[in-house]
Amino acid sequence: MSYIEIFFYVVFTIMIFVHVRAWYFTNRMYGGLSTEIIADMFVFVRKSFKRWMLPLASIALFLLLWVFSLNSQIPIPSVIFYGCLVIGLSTFSWNIQPPTILLLASSKEESIDLFLAIKHSILGLRIVALLAPSQEKITFYMDNFRTVDDSEWRTVAYPLMEKTPIIVVDTRQATSGVVEEVQRILSYENLFPKTVFVTFASGYAPVLDKVTNKAIGKSIITVGDNEASDLLHKLVKSRISGRGIVDYDEKQVMKFERNPYLPLLMDCPITGKTFRLSLNSSVWEVSSGGTAKCPICGDTHEFNRSNTRSAPFAEAQNFPYA
Ligand SMILES: [Zn+2]
């Protein structure tokens with residue numbers, strides 16, 4: 001055997017190792033995978049734009065085995081056979097691997113940047129989304145489950161929300177689809193405790209502002225977009241490190257405590273009248289304050305923990321918005 005053959009044997013064997021490792025850790029994330037979720041993944045692939053991939057891989061594998069059966073007549077180097085087999089099986093492995101994270105977001109460029117940042121921080125595990133970006137990046141394409149039939153998105157998104165260990169919502173763009181998804185998440189006791197809401201670095205979350213009736217008084221996890229991938233890295237790592245399912249309340253994992261999502265009120269220092277900040281109470285998890293343009297006197301005021309207070313939505317509605 002030549003050195004070049006040995007080299008390719010090593011490369012393809014590493015590919016197998018990468019896939020086995022991903023399945024092993026995915027199994028831990030799920031606390032044991034079921035055949036049901038794997039069967040679902042086949043269905044989701046079939047509904048998505050990647051539906052040609054599995055039939056193509058099947059045909060390629062079939063042809064490969066056929067050629068192999070003729071091997072006595074057509075001598076092909078066994079390293080090529082080995083490589084084709086590994087690539088074919090990898091295509092299956094990757095496409096049906098259940099996701100560790102489901103990202104719910106609008107189809108804006110910034111959501112794809114968030115997707116890629118998270119993808120690179122979760123130890124080779126899978127993050128999936130259902131987006132329709134204008135320019136697809138190839139690493140994103142493999143994990144996009146956007147349905148071919150647009151009206152079918154709920155038949156993929158809802159079961160994925162149910163089964164995926166971690167849901168991430170990009171709350172920075174309030175499109176009707178994301179608002180609907182968040183309303184659903186906040187309506188189900190099994191969904192919102194496993195959801196991380198990504199806000200602007202300031203804590204501002206336009207989507208949460210649209211669903212205030214559902215968010216009222218609920219303890220939810222919010223994190224600024226600049227710190228989201230770091231938080232998710234810690235969450236995933238703690239779960240697969242052998243300590244089993246880690247409760248989100250564990251403080252050593254959660255730098256960010258869960259706070260009830262409530263509006264913030266401030267008194268104008270000039271007129272003494274009350275107005276509502278465009279931020280919610282979760283801002284205190286990621287920053288110590290900032291400035292707001294006062295809707296009463298028109299000046300810009302500095303706010304911090306000492307001069308703001310949270311209030312129920314019903315009360316906050318009576319005051320002008322900064
Ligand atoms: Zn003022």
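pLDDT is the predictor's confidence in each residue, on a scale from 0 to 100. I am working with a predicted model, where local features need pLDDT of at least 70, side-chain atom pairs count only at pLDDT 80 or more, and totals for chains, interfaces and linings use all residues. Residues are numbered from 1 along each chain as its sequence is written.

**Confidence.** I looked up the chain average first. The protein chain has a mean pLDDT of 83, and 85% of the residues score at least 70. I count a contact when two C-beta atoms, placed from the backbone, lie within 7 Å.

**Overall make-up.** I found 13 helices and 11 strands in the protein chain. These are DSSP runs numbered from the N terminus: helices are H or I with at least four residues, strands are E with at least two. Of the contacts with a separation of 6 or more, 73% join residues 24 or more positions apart.

**Burial.** I call a residue buried if 20 or more other C-beta atoms (placed from the backbone) lie within 10 Å of its own, exposed if 12 or fewer, and partly exposed in between. Of the 322 residues, 29% count as buried.

**Trp94.** I located Trp94 in helix α4 (residues 78-96). Trp94 counts as partly exposed because it has 16 C-beta neighbours inside 10 Å. Its C-alpha atom is 10.0 Å from that of Leu125, 31 residues apart along the chain.
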